[in-house]
Amino acid sequence: MKYTIIGALLLEFLSLSHVKGCVNVRPLGVANRTMVPDIKMSSSSSFRESVDYLTAKHGRLYTSRAWCPASLGGDDWLQVDMGNYYNVCGVATQGKEYRTDEWATNYTLSISLDGVTWVEYNEDNRLKVFAGNIDGVSVVRQNVTSVWARYVRFYPRGYQLWPCLRVEIYVEFSPPIITIKPETQTIAVGNHLLLNCLSKGSPKPKVTWSLNGNDIIFGEVLLNGSLLVKSVENDKNFEGEYRCVATNKEGSASRNAVVIVHEKPKILNSLPSYSPYLRGKTAVLSCYGVGDPVPSITWTKDGSPHIPRGTIHADGHVLVISQISARDQGVYRCVLSNYLGFAMSATNLTILDRPTIDTVRTRKTIRAILYHTINIGCYGNSILPLTYTWTKNKVAVTDSDNHGNNMVRVFGNLLIITPNEPRDYGTYVCHVNNTVDTAMFEIEVVPFHHETNQSAGTFAALSNSPSSCEARLGIIISLVIVFLLSLALNLRLIYRYRQMKNASKASLKSISLGKKMNAEGSNLMKDTEIAWDNLIPAGHGGPFVNAGIERDTEPAIHYRKQVDDD
């Protein structure tokens with residue numbers, strides 16, 4: 001028979017699980033079919049196997065029959081599956097006494113943990129050959145230096161008539177002892193969790209795990225009894241008190257360990273990539289997350305933690321900005337962090353600005369003279385780009401609306417029109433548009449009318465005067481000049497009058513002086529009339545003509561009277 005050398009891992013396991021010495025040794029119970037069922041007995045071959053005459057199930061100590069191989073000279077074996085791992089301390093054999101005494105005079109053993117990989121039993125580094133029986137009745141027991149195994153094979157080497165065997169295995173029975181206990185530990189979500197629980201006992205203890213008093217349905221119990229949980233989930237169900245229990249026929253042992261699961265921050269409600277708000281409204285940005293330890297929360301605007309107009313609420317989860325304006329626009333970030341790492345969410349806050357009309361710059365009423373071009377300006381306010389459209393009587397006003405002498409030009413917020421007929425007057429509506437809303441403003445264009453409370457002469461002069469601003473300005477300047485000339489003439493007359501009064505005693509001289517003065521006064525009045533007639537066209541009369549000059553010779557008459565009296 002060829003034997004396979006056990007692997008390094010199995011050898012390590014045997015070394016760790018090996019129980020030195022044997023105490024409390026008892027028969028395994030091969031002789032008792034309730035302890036070792038027939039299915040646990042097997043062989044390489046059996047004599048008259050077809051009729052179940054001397055098969056493996058009869059290879060039990062003290063049975064009436066025995067196991068015998070099918071032929072002589074072969075490498076046949078009888079195998080016992082003990083059903084668990086035991087510390088084997090001895091074996092016993094017996095020959096066949098049924099009808100004919102036949103027995104094995106010597107034999108060797110092989111052991112296995114899994115029934116696949118086998119190891120020959122050695123002592124002093126050589127194959128151990130055990131002395132067998134001397135008849136078919138007696139029982140011969142041999143000691144085994146304690147070895148850990150589940151499967152045992154008996155190989156008859158020498159025999160009398162036929163190599164027949166009946167066997168028993170002696171094992172140690174000891175309660176479990178936990179040799180390496182689980183340790184309390186802290187683990188981060190996503191990492192592997194390994195809790196050791198190595199035990200010894202014979203038969204080999206079965207290790208079970210519980211968490212907070214409940215059976216564990218996750219993870220994997222390794223061959224040595226340790227618990228392995230791959231990639232601990234984000235769930236508090238993984239946190240608490242773990243308990244391992246090692247149990248066999250002789251008793252049980254247990255150990256506890258506390259596991260704390262920590263979690264790096266995770267944001268539950270990410271901020272939207274784009275957060276539009278109407279100007280003047282209140283912006284509310286929320287950022288909720290989880291983590292263990294509880295993560296700290298910081299807010300930044302365009303990379304800066306300084307947000308002068310923002311207030312923090314709900315333990316830092318909510319940022320509130322009241323009466324938002326253009327200066328509040330920017331990229332806002334929420335950062336959650338603890339010692340395991342950080343999580344971040346960002347949003348671009350923009351202002352949705354409804355357009356408004358600048359009523360200071362935009363006139364509500366504009367007076368226009370027929371055939372004269374006027375500019376109608378409309379001025380909107382918004383932080384967003386604006387567009388302008390114009391309507392009249394709910395019909396769009398465009399450059400194509402020209403008819404007759406009515407010229408229409410649209411330059412965005414500026415409407416240029418030349419009214420040619422009454423229908424060109426009326427209500428023009430300016431529409432100020434952006435991506436948020438539209439504002440409208442009505443502008444009345446009305447005909448220009450003269451004031452009716454002026455005197456007939458003034459109205460006639462103004463109605464027949466040039467229509468241009470330059471002509472009107474010239475008339476005003478002329479009136480001012482006439483007024484100043486009249487004032488200067490009156491002052492001069494008064495001055496001369498006083499001089500003549502002081503010289504009244506010189507009658508002859510005064511008379512000639514009076515005549516001369518009267519002549520000069522007449523000349524001055526004529527000069528003034530000529531100047532005024534040159535300023536105002538012919539046919540224009542009224543109270544402004546010869547303003548400030550009266551055509552009388554009262555000073556001269558008064559002077560003559562004084563002379564006569566003298």
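Tutor: A charge sits over a ring if NZ of Lys or CZ of Arg is within 6 Å of the ring centre and within 35 degrees of the ring normal. This is a predicted model, in which local features need pLDDT of at least 70 and side-chain atom pairs count only at pLDDT 80 or more. Side-chain values use heavy atoms, without hydrogens and water.

Student: What makes Lys392 lie over the face of Tyr428?

Tutor: Lys392 is at 5.6 Å from the ring centre of Tyr428, and the limit is 6 Å. Likewise, the charged end of Arg361 sits over the ring of Tyr379, 4.1 Å from its centre.

Student: Why is the pair of Phe47 and Tyr53 called tilted?

Tutor: Rings of Phe, Tyr and Trp (its six-membered ring) pair if their centres lie within 6.5 Å; planes under 30 degrees apart are stacked, over 60 edge-to-face, and the rest tilted. The ring centres of Phe47 and Tyr53 are 6.5 Å apart and the planes are at 50°, so the pair is tilted.

Student: What makes the pair of Phe47 and Trp162 edge-to-face?

Tutor: The planes of Phe47 and Trp162 are at 70°, with 5.6 Å centre to centre; the cut-off for edge-to-face is over 60 degrees.

Student: Why does Tyr53 count as buried?

Tutor: Buried means under 20% relative accessible area, exposed over 50%, and partly exposed in between (1.4 Å probe, protein chains only). Tyr53 has 15%, so Tyr53 is buried. Phe47 has 24% and therefore counts as partly exposed.

Terms used: Residues numbered from 1 in each chain as written.
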